[in-house]
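Colleague: Could you walk me through this model, starting with one of its sheets?

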Amino acid sequence: MRLTGIRLLLCALLPLSISPLHSQTAGPHSSPAPAQHPGSWKLAYEENFESATPIFPNGSPSWTHDTYQNADEFSDAGSHFPGVVPPAAWRAEAPFGKEGWLTVAAYSRSSQTSFSSLFQVVPDPANPANHVLRIASPQSTDGLVIRSTARLPERYRVCLRAGFASFGDGKPGPNSLNGYAGGETAAPWGTDSSSEENGFYWLTILDATPRPHNNIWIHHHRKVVIDSDNNKGAWTNIWEGKSWVADGQHPIMMFGLDKDGHDSGDNGLPFLAWSNGALQPSGEIRAVDAYKDSTWYNVCIERNPSAFVLTISGDFKFGGQQTYTGAIPVKDVYQAAHGIPDFFMFGDPHNNYYRGSVYYDDIRLETWSTK
């Protein structure tokens, strides 16, 4: 999620009606419930990593020289970074899944990096009979995301299972490495120590083709986000059931980007965060809860005509077994106008921050049918 300066689940179909005993429900100042429209959800694609056919029948994608350094002003050689010369880098991209509906996009500063060290189908750490995708960044300069190959339709629901994350811990103090080897920085796009923040994206929607770039790039292309940034500065406030706690350890943020807010340059637009049963004031950095180690979670993002609906379900640090669902009005979200594309993405999109690993499974895309 990276907040420069102050330091910045395609699931097994979660129901959007929530039991009041096991969820945060909307409060009096929450965002409106999404409008109902005739029709039903239809499964378009799914990937559970159990096929006997290899993910890449012709072998893993090969590394090629990075040709996306000038994609726009915030990309690695973009005009937002005058005088910056990005390092030599390599990318590996390939579609996979039924009809190539998913694409892996990887980045490394060495063509000798083993692709399988970033992307590998492995036994489920909670159930070895099941197979899941492990995404990893062995170095903070590595990055890998999974994205929708094609832009999404006007109405969709994307869900997944994610968990067993090991992207830092957010523990404060000068001796905390926060999941890093030590000495990493945000160079050449920044001078800060990378160890101040470490994390990953559970699931997010972007307005441009997702692939790893410097951390500032994604700040200007996010629409709605479910992510975690373990930060040593404790600049996230987590709702612990009775009050806000300043805590950078395993926070889960659910937010949209406020289209009417002030763009602060490196940080981008302010958040419209959902927490404590309500949409929070613009700019407040408020997390819904904190995730646990060695735990799976179900995550969804839905777009309907009136709202983006963000959902995460599982066993949380403060709320226990819980489902959190928040609606963010489409009219308030950056780049949500008709004709601007939506792509989903998850993983590690930064090539100057984040080091660790996380697991994903049961990726599903549903579309709305009126037939």
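Modeller: Three strands, in the order β13-β12-β17, make up an open sheet with mixed pairing; strands here are DSSP runs of E of at least two residues, as helices are runs of H or I of at least four, numbered from the N terminus, and two strands pair if DSSP finds at least two bridges between them.

Colleague: Which strands stand at the edges?

Modeller: β13 (244-246) and β17 (286-287) do, and each has a single partner strand, so one side of each is left without a neighbour in the sheet.

Colleague: How many bridges join β12 to β17?

Modeller: There are 2 bridges between β12 (residues 237-239) and β17, and these strands run parallel. Asn237 stands opposite Arg286 in β17.

Colleague: What should I keep in mind about the model itself?

Modeller: It is a predicted model, in which local features need pLDDT of at least 70 and side-chain atom pairs count only at pLDDT 80 or more, while totals for chains, interfaces and linings use all residues. Residues are numbered from 1 along each chain as its sequence is written, and side-chain values use heavy atoms, with hydrogens and water left out.

Colleague: New topic: where is Thr113, and is it buried or exposed?

Modeller: Thr113 sits in the loop between β5 (102-108) and β6 (119-124), and it counts as buried because its relative accessibility is 18%; buried means under 20% relative accessible area, exposed over 50% and partly exposed in between, with a 1.4 Å probe and protein chains only.

Colleague: What does the side chain of Thr113 make a polar contact with?

Modeller: Its partner is the side chain of Ser108, at 2.7 Å. A polar contact is a pair of N or O atoms within 3.5 Å; within protein, one must be able to donate a hydrogen and the other to accept it, and residues adjacent in sequence count only if both atoms are side-chain atoms.

Colleague: Which residues does the cis peptide bond join?

Modeller: It joins Ala187 and Pro188, with omega about 0°, and Pro188 is in the loop between β9 (156-166) and β10 (197-206). Asn178 lies in the loop between β9 and β10 as well, with a positive phi of about 55°.
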